[in-house]
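Welcome! Please open the structure in your viewer and get ready to select things as we go.

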Amino acid sequence: MSSDTVKQGFIDAIPNLRAFAMSLCGNLERADDLVQETMLKAFKNIDSFEEGTNLKAWLFTILRNTYFSERRRTKREVEDADGIHASRLAVHPEQHGHMDMCELHDALKQLKDDQREALILVCAAGMSYEEAAAISGCAVGTIKSRVNRGRAKLSEIMGITSAEEFGPDAATEAILNESGGYLRQA
Amino acid sequence: MTAVKNPRSSGDGSSRQDVSEPPQAVADKEKRHMPTMGQTGEHAGETAGLDAKLQTVIGHKLKAMFDGVANAPIPEKFLELLSKLDSQEKSK
């Protein structure tokens, strides 16, 4: 197996792994620790990776398993005021209000683990239901259900019942003005 | 609707999935384990209810949150770690 191919695969995956970890933890420092732990585990288990299969999905799976087993061990609530700082990273303020991102992070933390994970994989990371299901270790229908429920719960937590309530910002305006709009169908 | 309980998952949504198992093997196992779910029938009712535009905007916000980190440059520490792990692997 070509080590350079795998190494490049890792490099390509790191930004998404960081984003995934950050979305789960709500804290960039912990997220980066999680990514490093994932890399260590991946290299340790590299012989079990089948070349030609989806490296990114494999890495995502290791990361989420590490995250969830850590949570089980520490039984710690996902709490973090400092996580708010992470949401300032590279998000264009004129497109998405800072308040929105903070609110979104806080609301996400209040979701059940499985719903949060499903929403992040499908809606945030843009994965297919099949890929998300493989990573989460559940059926495709379960993922769809978690996405729908998670999305509904999220808007309930944020007290938002219509798109207009998200507040004025360029990106939301663009969507509201579209007649159809892109919609991920369940 | 009776939810078919995934035999591998525990209450908090985690899974005892073996870290060394590639996702495809898991997906294949999943197909053998789970009876065919009437996906459209069972879940159709759950897609209704949330305003379509609201769904879109929420998805958009989630994606923006994710992209904020995904588009950031890779910190040096990761590349250093990778090089270290890679050279350890090569020296085996």
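Here is a short tour, from whole chains to one residue and back out again.

This is a predicted model, in which local features need pLDDT of at least 70 and side-chain atom pairs count only at pLDDT 80 or more, while totals for chains, interfaces and linings use all residues. Residues are numbered from 1 along each chain as its sequence is written, chains are lettered from A and ligands numbered from 1 in the order in which they are written, and side-chain values use heavy atoms, leaving out hydrogens and water.

**Stop one: chain A.** Select chain A and colour it by secondary structure: you will find 9 helices and 0 strands. (Helices are DSSP runs of H or I with at least four residues, strands are E runs with at least two, and both are numbered from the N terminus.) Of its 186 residues, 55% are buried, where buried means under 20% relative accessible area with a 1.4 Å probe, protein chains only. The accessible surface of chain A is about 8,000 Å², with 49% belonging to carbon and sulfur atoms; such areas come from the Shrake-Rupley method with a 1.4 Å probe.

**Stop two: Arg116(A).** Now pick residues 113-124 of chain A, which form helix α6, and find Arg116(A) there. Is Arg116(A) buried or exposed? Arg116(A) counts as buried because its relative accessibility is 1%. Next, show Leu111(A): its backbone oxygen lies 3.3 Å from a polar atom of the Arg116(A) side chain.

**Stop three: chain B.** Finally, select chain B, which has 4 helices and 0 strands. Among its 92 residues, 39% count as buried. Chain B exposes about 5,100 Å², and carbon and sulfur atoms supply 55% of that area.

How values were computed. Buried < 20%, exposed > 50% of the residue type's maximum accessible area, 1.4 Å probe, protein only. Polar contact = N/O pair within 3.5 Å; in protein donor to acceptor, adjacent residues only side chain to side chain.
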